[in-house]
Amino acid sequence: MILFRGASIPNSWPAIFLKAHNTLVVADLHIGYESALRRKGLHLPQASYRYMKMALKSMLMQTGAGSVVFLGDLKHEFGKPSPQEWVEVMDLLGWLIDAGVRVHVVRGNHDNFILAILSKFNVILHESSMVLGSIMLTHGHSFVEPTEGIRTIIIAHEHPAVASSDFAGARYKFKCFLVGEFEGRRIVVMPALSPLSSGVGINETPTEGLLSPYLRRSAVDSFTPFVVEENVGIFRFPTIGMMRQSAIQNRAPQ
């Protein structure tokens, strides 16, 4: 599916393929999240990295991308990399580089101390943003002023999703892209690739409660969500404002 001109969503994965730049963009892998949860007493199988590596293999085969951009939060720990992060990030980078894929990392708020790993593979760390033609790529946790000529801003960080309930009261969250406008430019918010990050229900979160300064300064109600479900498809939903209004009407006494 074409997300905007020259940008497609490969096979319902939470990723963007920029055809003109032969580049695949993914965000928020949070490698090592299981180790962080384990220290809090929650024991999950250490399986998210295998899933994400499989997803990347599928997307690279489909698109033939020559470059991959990790749009922040490649690892999870705020501090020094955990043993899980060392092993899995090094395996990921080694596999990509051995396959002839160029790798770029745009720093996210979780990517402190990651340079110790990246330097072993001569991978470039973009401290605040990366520009491809008229597209600026930045993680989104802090504000980066777009330069002249930038027409599209792609961010991550927010882990966007839409939340919904069925008639029985069961609640669901679906990862989504958000497409809207920021100060006269198109802005696209990417969902997390990590299967452990179900996302923030944007339609249930007030603008002032959102994490990214780009979203807090935008008319989020006008944004359009594009839900992505692996092996199911891509679904365009009504705008966030329409979803909020529908939820209010459904709660009103009949």
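Strand S11 (residues 160-165) is joined to strand S12 (residues 171-182) by five bridges, and the two run antiparallel. For my own reference, strands are DSSP runs of E with at least two residues, numbered from the N terminus, and two strands count as paired if DSSP finds at least two bridges between them.

I noted that I am reading a predicted model, in which local features need pLDDT of at least 70, side-chain atom pairs count only at pLDDT 80 or more, and totals for chains, interfaces and linings use all residues. Residues are numbered from 1 along each chain as its sequence is written, and side-chain values use heavy atoms, with hydrogens and water left out.

Next I followed S12 to strand S13 (residues 185-189), with which S12 pairs in the antiparallel sense over five bridges. Here I saw Val179 standing opposite Val188 in S13. The two strands make a hairpin with two residues between them, and in the turn I found Glu183 with a positive phi of about 50 degrees.

I then asked which residue of S15 stands opposite Phe177. It is Phe226, and S12 and S15 pair in the antiparallel sense over four bridges.

Last, I turned to strand S15 (residues 224-229) and strand S16 (residues 233-236), an antiparallel pair with four bridges. Glu229 has Gly233, in S16, as its bridge partner. S15 and S16 form a hairpin with three residues between them, where Asn231 in the turn has a positive phi of about 65 degrees.
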